[in-house]
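Have a look at the model first, then read on.

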Amino acid sequence: MTGIVFRPIVTEKLTNLQDKGTYAFEVDPRANKIEIARAISKKFNVTVIDVRTMNYKGKAKTQMTRRGRFEGKTTHFKKAIVILKEGESINLFENI
């Protein structure tokens, strides 16, 4: 499977966890933990200790405009929290 890791997720909470070697990525919803760990290891040349995944369901959104009501939906996505071996890190802004 190609293109398992889509993008890093950078929030204030996850930025604080980066000091402890924890990073988050948006990944392919069909990928399992083993495939995610291999993809991260290969892409960033690090040792992955643990992978936790979460599936997010898309939400219905409504917006009122001059022309009336506009309804839409956000996309489904899968988030992976990756814990690296102690002492290793990923420079997210350099490797993108």
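E26 is buried, at a relative accessible area of 16%; buried means under 20% relative accessible area, exposed over 50%, and partly exposed in between (1.4 Å probe, protein chains only). Keep in mind that this is a predicted model, where local features need pLDDT of at least 70, side-chain atom pairs count only at pLDDT 80 or more, and totals for chains, interfaces and linings use all residues. Residues are numbered from 1 along each chain as its sequence is written, and side-chain values use heavy atoms, with hydrogens and water left out.

**Around E26**
- E26 sits in strand β2, residues 22–27 (strands are DSSP runs of E, at least two residues, numbered from the N terminus).
- Its contacts (heavy atoms within 4.5 Å) are I4, V5, F6, R7, I9, F77 and K78, leaving aside residues up to four places away in sequence.

**The R7–E26 pair**
- R7 and E26 join side chains in a salt bridge at 2.8 Å, N to O (a side-chain nitrogen of Lys or Arg within 4 Å of a carboxyl oxygen of Asp or Glu).
- That pair ties together distant parts of the chain, with R7 in strand β1 (residues 5–8) and E26 in strand β2, 19 residues apart.
- On the R7 side, the residue is partly exposed, at 45% relative accessible area.

**The other salt bridges**
- Searching the whole structure turns up three salt bridges.
- R30 pairs with D28, with the closest N and O atoms 3.0 Å apart.
- R30 is exposed at 67% relative accessible area, whereas D28 is buried at 5%.
- E71 and R69 also meet through their side chains, at 2.9 Å, N to O, and both E71 and R69 are exposed.

Technical notes. Helices (H or I, at least four residues) and strands (E, at least two) are DSSP runs, numbered from the N terminus.
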